[in-house]
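Visitor: Please show me how to read a few features of this structure.

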Amino acid sequence: MGIAKMTLVNITGEAKYLDEALLRCTYSSAFHPEQSLELGEYTGSGTAGPREENPYVALAARVSDAAAALGVKLEDTPSQRCALKQQDAEHYVEELEGKTNALIERKKTLEQTILNHKQTINHLQHLMVLDIKFDELFACEFLKIRFGRLPADSYSKLSFYEDRPFLFFSFASDKDYCWCMYITSAAYKEEIDALFASLFFERLRIPGYARGTPKSALDFVTNQLELQEKELAAVQAEMKQLAAQQGQQIQNAYTEIKNLEIVFNMKLQAAELRRYAALRSSNFTVLGFIPKKEEKNFLKHFEGLDVEVTLSPAD
């Protein structure tokens, strides 16, 4: 494999065009700067300062998160031309989040509530034989009542603890679990809770809104589940409508912000290139190398800029 031929690049112009010239150098990943101070006749134009954090990385991530929540698929199609300014980008992202965050949080809350309702319904269905009101059970001041399920293997071990201060009631069972309740006094609560924990008892907490008998509580929770599933469907429809209305605008803003991210990185690179530039009076010089095959593309980057770009064979 042969060694690629290189071309020496010499860029000169008025000092006021230095930053723009350096920025255009970054458009080509093939440009390798050379320290101009080695020529001995120039004074260095300065060194790069501390590297700044790119503010557009976080902005792009926020737009991406909002788009994902709305089901909008974003495409990475950045370019180097931007019409959006940083202040406008920040304002747009805040406005987008204002429209979506409330819907997202409401959706999450409803989904969690619906899940809780379904779990409660499953619990209550195993307690239907209990003909007493939950309000009356939990109103007992000196008794502690625990509903839950016990693995079938642990259920067979209860006989070893008959002398312990608790009462045990089984309501339903299958090959894996026994749905049950145990009662103990407040004085022995910690001891008996620890005992059942060692038997892998899974406590099923009865929510405060499940009042009355298991049947009346089941009817109430089932009704609440239906209402909140309808509300969730309405929120999802609203999010879908927002995605349809704003989808293209979100994509456009995302593209512009990614553009800003790229340009900001280029400006950071350009700032780092300043150490390679040299100033004399009011003019600058930047030296570097590019592969010979990149000459035409490199020159295109400087069209319209009042600087002189000279190419010559590298020795």
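Guide: Let us begin with a pair of helices. The axes of helix H1 (residues 18-26) and helix H7 (residues 214-273) come within 8 Å and cross at roughly 115°. Axes are lines fitted to C-alpha atoms, for helices over the stretch in contact, and angles run from 0 to 180 degrees between N-to-C directions. Helices (H or I, at least four residues) and strands (E, at least two) are DSSP runs, numbered from the N terminus. This is a predicted model, in which local features need pLDDT of at least 70 and side-chain atom pairs count only at pLDDT 80 or more, while totals for chains, interfaces and linings use all residues. Residues are numbered from 1 along each chain as its sequence is written, and side-chain values use heavy atoms, with hydrogens and water left out.

Visitor: Which residues of H1 and H7 meet?

Guide: Contact means heavy atoms within 4.5 Å. Leu22, Leu23, Cys25 and Thr26 in H1 meet Met266, Lys267, Gln269, Ala270 and Leu273 in H7.

Visitor: Is Thr184 buried or exposed?

Guide: Buried means under 20% relative accessible area, exposed over 50%, and partly exposed in between (1.4 Å probe, protein chains only). Thr184, in strand E6 (residues 177-185), is buried, because its relative accessible area is 4%. Beyond its neighbours within four places in sequence, the contacts of Thr184 include Phe142, Pro165 and Ile192.

Visitor: Which residues of helix H6 are buried?

Guide: In H6 (residues 189-198), they are Ile192, Leu195 and Phe196. These residues lie on the same side of H6, because they cover an arc of only 90° around the axis, taken from the directions from the helix axis to the C-beta atoms. Their cover includes strand E4 (143-151), strand E5 (167-173) and E6.
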